[in-house]
Structures are given as structure tokens and as C-alpha cells.
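Here is a quick, friendly tour for anyone opening this structure for the first time. Take a look below, then read on.

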Amino acid sequence: MKVTSQKELMAEQARSAVRISGAHHSSWNGRLAVADPARKVRGAVKWDNTIEYDNASVNEPLREMFDNARVYNQDAETLRSYREALKTVLHENTHVLAAEGTDHSDAQHAFNHTPGARALEEGITELYSYNNLNAYIDDLGLEEIAPGISTAEARPSYKQFTPAATRFTEAIGRRSGVDSDEVVRRLAVVNAEQKFRVAAEILYDNSDLPGLVPDQERDAAVRRIETAMQEPLANLGDLDKSDEDRLRRESAKAGANAVQAGAAEMNAIRAQWTAPEPSRQVTRGPHQATQQAQNNPQQTQNPQQTQSPQEAQDPQLVQSPQEAQDPRQAQEPGRGQQAGQAQHGQTGVQSGASEGAVAQSGDLQNAMRAGLTGTSPMSSARALKAGEQGARRSTGQEGPERQGPERGA
Amino acid sequence: MNFEQFEVEYQLVFDSVESQSAAHFAPDVARLKAYASTLEDVRERTEAENLIADLEGVLEYDAEPLSPAMVEAIRAHARADSAVGTPVERIARLEAGMEEIARIAEGAEPAEQASILEMNESLYMLIMALEPESR
């Protein structure tokens, strides 16, 4: 929508930011406040979603811009003051962009407490608002109001955070196949609490992990990637100690480091959810194992088959912790099936069962691996009451109930 | 060379990046690229290439030095943003940092004043986030 007055601009500022960004909504509450001159800020967003602007550096230049509407050949300094004021407006309106069911204000706690949240929030917000200022000007028709504003100078801010944000989004783009500008946009349209999560989701959803990790474990896996990426950006506070030549390099390194940490966590998740190579199996009766697998190929695929509790709890029978963490276990197509066959055989040999020995069920393997995801699978565990003991049977098979509660006697 | 060896070589180069020119690292980048090309596993080779691209992106930041005023303001911002102390102590430090950044902005060249003063915004938003915890 083209605006012709400062009042119209202020009324349209949030809707225009939503239009150019494709955000779900703006969480601006519709209230504007004048910043206290003693605060010495150009603009800010309060945690009740009110936007405030400084009179001298934002409101006044914008008023002057409309007073001088359609005046050509205004001097560079005047045009710069208009563009800088408008850049502040877009920066604040980018802060309040939010995903469905969320608002900027929901991120108050994260802004203070989540490692790296402020660096990523300001880095992405500045990067997006600086790079898309002309789209905002076009949407609002301001080149007609202030001819020359599209090419006037307005320098970027937060130079301690923007190199990190740039390298962070580029590194995500490289690994996900999503254009880095699109990565910036997707992070800009969610609040400060959600930016790391969205970054982790982009990496996860555009990798092979959705094909390896059960759907119900997706959130836990994404959280691991999200957490891994936070700490490197939290360390940007140490820039105070860097010499001036290293400031932006350190910021850029932090951005790259954050994604590399996320990628390393993805490798750990991949290893965890991928069966080990045959060569890395414990070599108990490999001949029998292979023969069993060949004789009973369905057993490795059949989720109905079960495993004894002892086997389920013995990590050596499944995968060593080292193997679970080893990024080299990134699998080629087909490798998982081979490993599954060998694993089946190994289990059978260890249990001392005959050819009909049972393999791990898919559900059981998932449960064991879920125990390594950082979640707490036993968090709901409690001692069984007398009437509950011995009552759980997964297959419905009949059998003698256990004896009464020794521990309670 | 396997991927683990590549990672060791890569990390040595990445960690050594400080303020040297990109040209200084050209032989290292060429060496890492040669190593990466020998990795047989497609996933590992792709990961190695991504890491090298990360490094090249970092090395691009050697041509635009920051002004002394911007460096001073960034340092003031970093000190003010420290998470050390109680909410009350942090708010006091943030307010002092905002005063310092405003002073630096006033003394900077006109074209840079806005971009320096803009940094007070995040300190102010942090103050407002801390205020409920300071009561």
C-alpha cells in the first residue's frame, strides 16, 4: 500500500513488514510510544509488543520526509536521515514478526537466558532489515515521496553480530540446499525464542535424518541440534577482548562454528539411528550370524519379534557408546540392512537360542536409541504397586504371574 | 587421508585464523581442497567441502576494517551485555554502556552515528527483559 503521510506510514508499518517478509503476522499491539530521550535509543520494542521511536532521530526525519513529499534533489545528508529513520522502523517491525500462535513478547525470557539468543536475534534482524529496506520502500511507495531514498546511504549496524548471522545462514544454506536469503527470511519471521529451533529444523528436514529417525523422535533430535548451535554464538560477548582487526573475523567464525556444531550433532544422531557396519559388530559367531540372517531374512524386518530384557539392556549386544557417537557411521544406502542382518545374528548367538532365535523388534530398537537422545525415557518410572507387578505382557502371551511384592514386605 | 585426519588439519587452520589476510591462507585452503578431493565417501567429501566453504567465508572478512569509533562502541556493547551479576547490577552496567555508546556515536562521523546508536536498542530491550527479575 502506498502511503502519503506519516500517519499512514505508522499505521501501515507492520502490515508492510508482513507483506514483504511473508511472516504469519506482526505481534505489534498497535501502540506507538516516544522513546525517553534520556534512554538514547533510536527505536525499540517493549515486551508488551509496543514499539517506540526516538523523536529526534526517527519521528522528526519521517515528518520532514512527508513535508518535503516529491521534492527532487534533496541533499545526501537529508536523504540519509530519511533512510536511516526508515531502516529503524523496519528493524523494529522485523523484531515483532512472529509465527502462528506466538508473539515477540513470548521471547522475553529467552532474550535474557538462552545462550546466543540476543546475538542471533539482532544479527538476523539487522541483516534482514538492511537487505530488504528497498522492498519496504517499494511496498510503501516511498521513492515517490522521497525521490532518491532508495539509493541513499544508511549503514548497517550490529557489526559484531551480522558477520556471524551471515556465515550462520550461509553455512545452513550450503548444508540444506535452502538459499541463504531464504534462511535469513525464515529466521527473521519468528521470534527470538524460535530462531535456533527454525535453523535446526531447516538442517534436519533437508537431511537424510527424517528417513532414519522415527517421527516421534524428531523433536528431540531437532532440540539436540538447536542446543548444539547456541553456545558458539553465546561466546560473541568475548569480542570485547579481541583486537579490532579480529572483531568481525571472530564473529564470522562464531557463525560458522555454530553450524559446524549443529552438523556434528547431526552426525551423532545419524550414527545413533543407523545400525553399525558389519565390520564393527562384536564378532561372536559371525558365521552363524550371517547364516542365520540369510536363512531368516524376515526376522530382521519384523517389528513383532521381541528380545529378552537382558539383551535389551546390554549395550554390547546393540551398539557401543563409541559407535553411537562415531560420525563415520554415516551410512551408505543398503548398509543399514546389512548391519541389521548381522545384528540379528549376533543377538541370536548371544542368547544361545536356536535358529528360531528372536531379533530385536523395531520398537525395542527405537526405545533403546531414544535413551541416547538426551530425553529421559525413565523419567516417569515408579515402583510398581503390588497389584501391578508381573501384570505387563507385551505380546499377550499367557504365563505365570510373578510372586508378590518382596520389596514392600 | 581419511576424514578424521582431514578434520584435524582443517581445525588447525580454522583455529589459527585471526587477522591475517586471506592470501596468507591460500596455500592452506588449496591443501585442504586437495585432501577433500581424495575422500572416497561421498558424504564425508561433501562435509569436507562444506567446512572449506565455511573457512573461505570467514576469510572474506579481511577487507573492510571497522572505524575506531565502531570498534569502541562494539567493545562497550560487549562489556554492557555481560551476563555476570545480579539483575540490578546488570541493569546498572547496561545503562552505563548505553551512555557510553551514545557518547561514542556523538563523536563519530555523521554517516556512522546512526549505526552506532542503533546498538543501544538491544541493551535497552535487555534492560526491559531484566526489570521483572530485578524487583
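## Ground rules

A salt bridge here is a side-chain nitrogen of Lys or Arg within 4 Å of a carboxyl oxygen of Asp or Glu. This is a predicted model, where local features need pLDDT of at least 70, side-chain atom pairs count only at pLDDT 80 or more, and totals for chains, interfaces and linings use all residues. Residues are numbered from 1 along each chain as its sequence is written, chains are lettered from A and ligands numbered from 1 in the order in which they are written, and side-chain values use heavy atoms, with hydrogens and water left out.

## How confident is the model?

pLDDT is the predictor's confidence in each residue, from 0 to 100. For chain A the mean is 77, with 66% of its residues at 70 or more.

Over residues 282-360, where pLDDT is under 50, the model has 132 contacts beyond four places in sequence (a contact means heavy atoms within 4.5 Å). Over residues 371-409, also with pLDDT under 50, there are 25 such contacts.

## A salt bridge in helix 1

Over all chains, the structure holds 35 salt bridges. In one of them, the side chains of A:Glu12 and A:Arg15 come together with N to O at 3.0 Å. Both sit in helix 1 (residues 6-21) of chain A, three residues apart, or about one turn of the helix. Helices are DSSP runs (H or I, at least four residues), numbered from the N terminus.

Are these two partners buried or exposed? Buried means under 20% relative accessible area, exposed over 50%, and partly exposed in between, using a 1.4 Å probe and protein chains only. A:Glu12 counts as buried because its relative accessibility is 3%, while A:Arg15, at 47%, is partly exposed.

Next up is helix 8 (residues 162-176) of chain A, where A:Arg167 and A:Glu170 are three residues apart and so about one helical turn from each other. Their salt bridge has its closest N and O atoms 2.3 Å apart. A:Arg167 is buried at 6%, and A:Glu170 is partly exposed at 27%.

In helix 9 (residues 180-188) of chain A, A:Glu182 and A:Arg185 are three residues apart, so about one helical turn separates them. The closest N and O atoms of their salt bridge are 2.9 Å apart. A:Glu182 is partly exposed at 23%, and A:Arg185 is partly exposed at 25%.

Methods
Helices (H or I, at least four residues) and strands (E, at least two) are DSSP runs, numbered from the N terminus.
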